[in-house]
Each structure stands twice: as C-alpha cells, then as structure tokens.
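Thank you all for making the time this morning.

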Amino acid sequence: MRVLIKYPKSTIIVFALFSILFAYGLTKLETQNSFGSDLPAEDPIQIAMETYKSRYNNAWLAIVGIETPDILDSNSLKVISKISDKFEELDGVLPGQVKSLSTAKRIIETQQGIEILNYLEEIPGSVAEKETLKKQIIDDNTVYELLISKDMTFALVVADVIPETPATPIYLEMMEFLDSIKTDEIKFYLSGGIFDSHEIDLGIDKDISLLLPLCILFIIIGLAVSFKTLRGVLIPLLIIVLSIVWTMGFMGLVGIKLTIVTSILPMLMIAISSSYGIHMLHRYYEEVQLGTVKESIISTVKNTRKPIIMTGITSAIGTATLIVFKINSIKEFGVISAVGIIFVFILTLFLLPSILAVLKKPQRKAKNEVQESSMVYSQILSFSLKNKVKIFITFILLVLLSFIGIKEIKIGADFAKYFPKEHRVRTTYNVFNKKMGGVFDMVIMIDGSENEIVKDPQFLKKVDSFQSYLKQSKHIGRVNSVIDILKQMNKTFNNNNPDYYVIPNTKEEVAQYYLTYQMSGSSSTFEQMVDFDYKSLVVHATFNTSELIDHQTVFNDINEYWKQHKNNEISVSLAGRAPYNISFTEYIVKGKLFNILLAIIVVWLFCTFIFKSFKYGLISIIPLSISSILTFGLMGFVGVRLEMGTAIISAIGIGIGVDFSIHFICRYRQELKNNLLPQECLKKTIETSGHAIMLDVLSNVLGFSVFVFSGFTPIQAFGWLVCFTMITVALTTIVLLPPILSLLSLKE
Amino acid sequence: MKIVTLIISIVLVVSYGATLTGREIVSKMDSTQKVQSEFRDLQLLLINKKGRVRKRNLMQYIKRYEGGLYKILTRFTAPSDIAKTSLLIVENEDRNDDTWLYLPALGKVRKISSRNKSSNFVGSDFTYKDLGYESLNNNKYTYLRSEALDNEECYVVEALPNDVEKSEGGYTKRVFWISKNKFLPLKIEYYNKSNKLYKGFKSSDIRLVEDYFKAYKMEMENKITGHKSQIIVNNYDYSTSINDDMYLLKSLEK
C-alpha cells in the first residue's frame, strides 16, 4: 500500500492504460434480443425447440398486420400486394416464401379442370366480384382466419427471414415503405420475432441513452449535496465512470451480449461504485483535518480498506449467487456484476488514493455542519436505545405482515407486458389477439414411430382428431397444419364435395396430394409443416390470452389427451414462445428461492469469518434479511410480478445491503478498541458511519430511481423495489442495530 | 506450304470463335440441344440445406411438333406411392401451355391451369423455363470473355431479359458458361431483382449420345435458401421414336 502512495503517478498511468483497453472492449459490445437461448440445454422445451429448428425450415417471422374497414376494398387489396412485393426485395427475407392473400395459391376445381391461381390475379372491382372473392376466402381454410381475419377487416403479410439477420434494417425499410403508402383508413402493425426483437433493441438503446446520463446527473447532485466540494463530486464520478467502462468493456472483450437484464448494469455500477467512493472520501475528509495529506491518505486507506474489501466481496458474492438460476442471461448477469464490483473496489482502493495523493490538501469543512448532522443522529440513537422493546415489536410485526404479502405474489410475465400500455408492441399485441386469434404461438411436434408415417391415413386421422379437440379450447385462437391442406385438396379434387373434406383413405392419395401441393409452388411451405422423412409433422396453434395460467391449463390438457390416445406410437413435444415462457418462469421461481437462501447463507458465513465471531456474523445479516422480506411483501401487496427483471432484486439487495451493516459494525468495533463505553462507541459510529450510510443510501436511491423511467415495465418495477430495499436496509441498520449491539454489550 | 495452311486454319478457327456474338453462341447452344424426340429416364434428388435427400424417379417423353412446339410427358416411377402420377404439358404458340395432371389414386385426368410460368419443375429448384429453351428474341446476349471451367474452355455470355422475359422468369440477369467444343452450358448464374446471386446451375458428366452432347448430371442450387436439386439421368434415348398416342389424355391413365 505504501508503495502505491509513493508512486501515485505511476499507479494512475497503469489504470489509464487498463481503461483504454476496456474502452476498446466497449466498442465491441453487442445487444442480444432474441429469445430461445435462455433455458438450460437439458430442459425438454429447449430440446424441443432445438429439434424444431433443426428439422424444419425454421425462419424468423416478420409480420405486417393491415387493419382497414374492409379488406376486400381494392385499395386494401393493392396494399397487401405491395407489401408482399416489398418484402421480397428486402435483404434477408427468404424469396418466394412470403405468405399473404396476394401470394396464396388457390387450388379449385372448375369445369375445365383444376385451376391453380393467385387470389389477387385480378383485383375485384364490382360488388359481385368482391362477393365471389369473399366466398373463396371463407372457403379456404389456409387463408381464412390465418391470413385474413374472420370479420374481413384485418390481413397479415408474413415473411420468413433468415435467422440471425439484423432486425433494424428490415424494420426501417419496411416502416419507410409503409409510411409512403399509408392512407387515413389503413393502419399498420408490425409483429413477429424480427420486429419484436427490433423493439427490444430500440428499448435497450433508449434506456441506456436516457437512464445513464440521468443516473449520473442524480449522482452528481447527491455528491454535491453530501460533500459540497468540487473534488467531492469529481473524484467519485471518475471512479464511477471508469467502473462502467471497465465492466461494459469487459463484456465486450469476452463477447457477452447486452440483454434487457444486463442493460441495467451501468446504472447498477453507478449505484454500487458511488458507495465505496463516498465512504473513502468521507473518511479522508475526517482524517485530513487532523494531519498531512500523505498521513491522512495512509490512515484513510488503513481504516477503510477492510470494510471496503469486505463490502466489495459480499456484494460480489451476493450477485454471483445468481448463477444458481438455470437461466443463462441471469447467470451471465450474476457473473458480470460480480466482476464489475471487483473492478470497483480495485479502482477505489488503488486509484482513488493515488488521485488524492497528487492533489493539494482540501479546504476544511465547516465544523458546525458536522455538528448539525451529528445532532440528528444522536437523537435517533437515543430514541432507539430508549425504546428498544417497541422497536423490536414493530419490526416483528412488519415482518409478519410481509409474509401475508408474500403469499399473494404472482409469478411470470409475458413479453408483451414488458412494454407499457401505450407502447406499439402492446397495442399490436392486443389487435392481433382480437383479430387473428393471438400472437402467442405454440408448436406441437407430433412424431410417428417410423418414416413415411405422415402419409398414413390412420396416423393423420389421429392428428385430425387432436386438432378438433384443440380447437375447442377457449384459450386457443388458430390451429393449422398440413392436415388442413390435405383435407382441402381432397375436397377440391372430388368435385368440391364437402363430404370429402376429410383425410383421404389411402396412402397413395395422400402422397399424390403432397406431390401436387409441392408442384404448385409451395414446396418450401410444405417443408415447414412436414419433416424430410415424413416421420413427423407440426401443428401450429396460437393462444388468444397472455395469462400463463391459461397456457399451463392447455398444456396439461394436451399432455392428458395424448396420454390417452398415444398407444406408444406417437410422441408429442411442445415448442414455441408460450411453452418457452412457462418453462422460463418455473426456473425463475425455483432459482429465486434457492438464490435468496444461498446469498444469505454465504454472506453470513463470510461475515462470520471476517469478524471472527458468530454473534457479529449473525447481526450483520439482520437488516438485509428483514429488508428482503419486506420487499417481497410489498411486491405481493402491490401486485408486482416475480419474473426476469424482479428476480435479480434480492441478490442485489443482499449484496449491497450487507455493506451497510458491515460498515456500521466495523466502525463500532474499531471504536470499542479505543476503550470507550459502548454507548459512546455507538454515538461515534452512528455519527460517522451512520452518516456515511445515509449519504450512501441517498446516492443509491437517486441512482436506482432512474429505472422508474425505463421503457420496460419489469425494469421500472425493479427500480421501485430496489429503492425500497435500500431504504429499508439503511433504516434497519441505523434504527435496529444500535439496540441489538447495546444489548450485546450489556451481556458482556 | 503445309505449315502456312495449318497456321491459316488455326487463325481462322480462333478468329471464328472470337467473332461469335453472344447471341450466336447461345443460339448455337440451343440448336444443339433441340431434338426431334427424346426419352429420358431420370432421378430427381431434392436436397435441403442440412443435406437430407428426397428421391423421385421419373421418365420423360419429349417430342417436337410443328412450329417448334413441344409436348412433354412426365411420369413418376418411384417412390411407389406416387408411381404412375403423370404430368402432360402441351406448348402453345399464342397462349399459356396446357397442362394435365393424372393422380392414379383418384383415377381421373385433370387439366391444371397455372398462370405461373416460372413454376417449379415437380417441386424442385428447377423451373420449367430453366429446363426449356432460350427465348432468343426476349433476351439481350453479350459475349463477355473466354474462361476455363474445370479444364474446359468456355464462352462466358451475359443474358439480360426484356420485360416480358423478366416477368416470366423472375431473373434480372443470367450469366452462362458455355463449353466451346460441346456448346453445352456448364454453369449458369441467375441474378434476382436486387442483383443478388439467387440460383446457380451446374452440369457435369457430359457424354456423347447419338450425335448429341448431353449432361448426365445437372444441379440447381438456390443460393439464398441453401436448397439444391439434382437431376441424374440414367438413360437418354433419341432413336426410338415416340408414338403420338403417348400424348393422348386417355394414355395418361394407363
């Protein structure tokens, strides 16, 4: 340590070099907005999704929804054509696979034979022509309710995009085009994985560009209020900025991508790193009134080193416990924040003193200010010591009340609700739900026992029965598969006789219908419905609700159905966004419980080890435990759901919360060594460390409060709750710890 | 004297090759392919981007009629569940081709009308147009250069379609590598609206069959989807004449 103080300038240069390295890493940082990679590899849904991807021509979807008073109006029909054509031109869109009314093929029987036509070969002009088109659409189950809504006011144009294609260029080009063709009567909606992921990208960018400066502004205000000196603002600010650059740069260097969850990291870094700087600087101002710059620095470092290292390690442990979640992005978050915290205390312990060493002695702080604040703390202290029993009872009641709240906690959110009510994604979601039977898709893969079985009428009849069963569910919007095409063709090729809208009787008929369908120009569509060996097919279904409970009910029903109807020859697996969410949520709940317990235990053990005392170890985890319980209680009462964004709260709360008690207890034990009465020690502790804790909480709350302005609702909830956690931990530390410590000293 | 003759003939041959225009090269290529009647026994392989293969066996009877119009009968022979499924195409001068489909499982022959000229050949990456002959008057051909492809000297010719051809074929440009001594296309590149390489054609295993150079293996790859189709010819027959009865509708049902 003394070595560094001797050569502060060299230290500063070394840190500057590292900062350049990490700044470079920052330029390589990318966002990741796609779903589907977050579940652990052994999860059955994840396995099913991988199977689905590898077997079928999987593509990401870009969907344009067109809402008009009458979709059969010639302008609306022209719009469908134009948008379909436009999609074909875009980079990344698979050509010839755009699905819409204008690209759909009608296979019909006429007197001359079979006609394979495009629907919009000629735009209908007269009322009679429109009626004809309407009838044709209603009669075609591959179009009606799939590409055109039941009430004829909504149409879809669906493009398949090569996976991993960047979403933003497609989004921008399509938006520009839609702007150029829009009219007063026609409204457009963008949906599908491609456009949704663009919204997430956009949201993350917006968040960081809004929240980060805001957060820094708040911190600056907080620092200015606390220290009232220029260096009191600039030095902690420098540490904060460097910690962000180092952490995000590290992410860029190792290739970890920015997600909705990890996008909060910069703000988190601010909140955490400001604490360390504040504590050290606070102590420095104390010491420097009594000695030279050099001596004060040495003394400051000596006295704050232990608590800073301890709090650094406990915070890092706190967030590192997030690796028990089986969800990859949460795991990554845990690791990265732990790394970030370690960066912070390296910066605080080595860089901050070096900077102070090259600066002149600061002006003295006005004495009466110190006295003023110390008066408030003395009053708090005497109050809490006099009313020990009342305070204990109050806290116990609060904890019990919280347990009631905890019972009410709802779990799991859906993607659409990530965005606030007025947001494009939400309104689009609602419109799609209303008009097209939903957006939440589910893919049911049905595997037969051997190749070619998807040509077997017996097998197909079983799938047909299943589809009928599924359609009856009130939570299901659309259901479709190759079965519908097959039945339609059978009807068409048998003089359009509705009695033939059934599965054909022989394998040869099925095979020849499949061949005909592929020859009519839809072979790529066929490959999305049936696998290469004709061993398995997919049934697509959408939910018309976003409630996870309803989805779960349907899954259970599906599993029950196949249990009864399988006879060991058919295996069924579920993939798609809806099952994915259910699985995801389960992991969050299980992970959450495990995570909290682990965090508390690990932190407790660590404190016990550092303090070399069971008593103090236990005392140090009291405020954070109480605070966690209160926070969850609040969640339950207020209706904030436990999901992705809120799952990480406890880990952060515990990690940061323990810092307060560590600082407090450390200072208390230091004072005890000076052989003062416990009462005197508590007074000194609360005036200095207590004061620092409140400054700390002020800066943390200011920092975390910016999340309330996030574009993502789970992050907003995170902001509120973390602030609540911070405040309750600080108050508990200041109000509850003194009585406990004083009781402890009485016993001794 | 002999040396001079030799030199003059070489110069003549070389300059003959050099003075052929793009259109002349393509025209010659086309005419060497045009046959009076042709029987083909072939295997069609559909290969997805993961390398999985679907096989279909078929026989084709191709006969040329007045005005250079063709009748083509395509009959599937394998796999067994589609055996005897047949497609009959009759080219017309002034209107779309007539197409009939016979599905043996249903027993009847049905006329299929599809306005889509660029429809695929029995579910493959080849279109009928790709496998047919050049519309010499609807393209502008430009000789670009000479280039060796797999040790064979080729004329590289660019074809730019006019609007009619563009709307039928869907391509904005094609580039041919035509073998100089066989006048067969060894490679063709197809470019789409965004001027991107969209499909690639390759032919190989070229043999002389009764005065005609024919490719026994042809491959078309969709560069964007990664899907490939291969035609592997088991047998070409030009000598056996094809009975006109082959093209009667009732013959399809046999």
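This is a predicted model: local features need pLDDT of at least 70, side-chain atom pairs count only at pLDDT 80 or more; totals for chains, interfaces and linings use all residues.

Let us start with chain A, which has 748 residues, 59% of them counted as buried. Its C-alpha atoms fill a box of roughly 110 × 50 × 45 Å when that box is taken along the principal axes. If you follow the secondary structure along chain A, you will find 25 helices and nine strands. As for how the chain folds back on itself, 79% of the contacts in chain A between residues at least 6 apart in sequence join residues that are at least 24 apart.

Helix 7 of chain A, residues 192-227, has 36 residues and reaches 51 Å from its first C-alpha to its last, close to the 52 Å expected at 1.5 Å a residue. Just after helix 7 comes A:Lys228, which takes a positive phi of about 55°. Helix 23 of chain A, residues 649-673, has 25 residues and spans 36 Å between its first and last C-alpha, close to the expected 36 Å. Is helix 23 of chain A mostly covered or mostly uncovered? It is mostly covered, with 21 of its 25 residues buried. Helix 23 is followed by A:Asn675, whose phi is again positive, near 60°.

That brings me to the interior. In soluble globular proteins, nonpolar side chains tend to be buried together. In this model the largest nonpolar core has 147 residues, and the members that touch the most others are A:Ile330, A:Phe333, A:Ile588, A:Phe704 and A:Phe718. Helix 25 of chain A, residues 713-747, provides the largest share of this core, with 15 residues. To see how one member is placed, look at A:Ile330: leaving aside neighbours within four places in sequence, A:Ile330 is in contact with A:Leu322, A:Phe325, A:Ile588, A:Met644, A:Ala647 and A:Ile648. Apart from this core lies another, of 90 residues, and among its members are A:Ile116 and A:Tyr429 together with B:Ile82 and B:Phe126.

A nonpolar patch of about 530 Å² is made by A:Val14, A:Phe18, A:Leu21, A:Tyr24, A:Leu253 and A:Val254. Which helix of chain A gives the most to this nonpolar patch? That is helix 2, with four residues, while helix 2 (8-27) and helix 8 (230-254) each supply at least two. A:Val254, which lies in helix 8, counts as partly exposed because its relative accessibility is 46%, between the 20% and 50% cut-offs.

In one of them the side chains of A:Asp447 and A:Arg55 meet at 3.0 Å, N to O. This pair links distant parts of the chain, since A:Asp447 sits in strand 6 (residues 440-447) and A:Arg55 in helix 3 (residues 44-55), 392 residues apart. A:Asp447 is buried, with a relative accessible area of 15%, whereas A:Arg55, with 29%, is partly exposed.

A second salt bridge, between the side chains of A:Asp91 and B:Lys196, has an N to O distance of 2.4 Å. Here A:Asp91 lies in the loop between helix 4 (74-89) and strand 2 (105-110) of chain A, and B:Lys196 in the loop between strand 10 (185-191) and strand 11 (197-209) of chain B, so the pair joins two chains. B:Lys196 counts as partly exposed, at 36% relative accessibility.

Within chain B, the side chains of B:Glu134 and B:Arg174 meet in a salt bridge at 2.9 Å, N to O. B:Glu134 is in the loop between helix 3 (128-131) and strand 7 (139-149), and B:Arg174 is in strand 9 (residues 173-179), so the pair ties together parts that are 40 residues apart in sequence. Both count as buried, B:Glu134 at 15% relative accessibility and B:Arg174 at 10%. To close, salt bridges that share partners join A:Glu452, A:Lys455, A:Lys507 and B:Asp81 into one network.

Note on methods: Residues are numbered from 1 along each chain as its sequence is written. Chains are lettered from A and ligands numbered from 1 in the order in which they are written. Side-chain values use heavy atoms; hydrogens and water are left out. A nonpolar core is a set of buried Ala, Val, Leu, Ile, Met, Phe, Trp, Tyr and Cys residues joined through side-chain atoms within 4.5 Å. Buried means under 20% relative accessible area, exposed over 50%, partly exposed in between (1.4 Å probe, protein chains only). Contact means heavy atoms within 4.5 Å. Patches are made of residues with over 30% relative accessible area and no salt bridge: like charges are joined within 9 Å, nonpolar side chains (Val, Leu, Ile, Met, Phe, Trp, Tyr) within 5 Å. Accessible areas come from the Shrake-Rupley method with a 1.4 Å probe; for residues, only the protein chains shown count as cover. A salt bridge is a side-chain nitrogen of Lys or Arg within 4 Å of a carboxyl oxygen of Asp or Glu. The expected span of a helix is 1.5 Å times one less than its number of residues.
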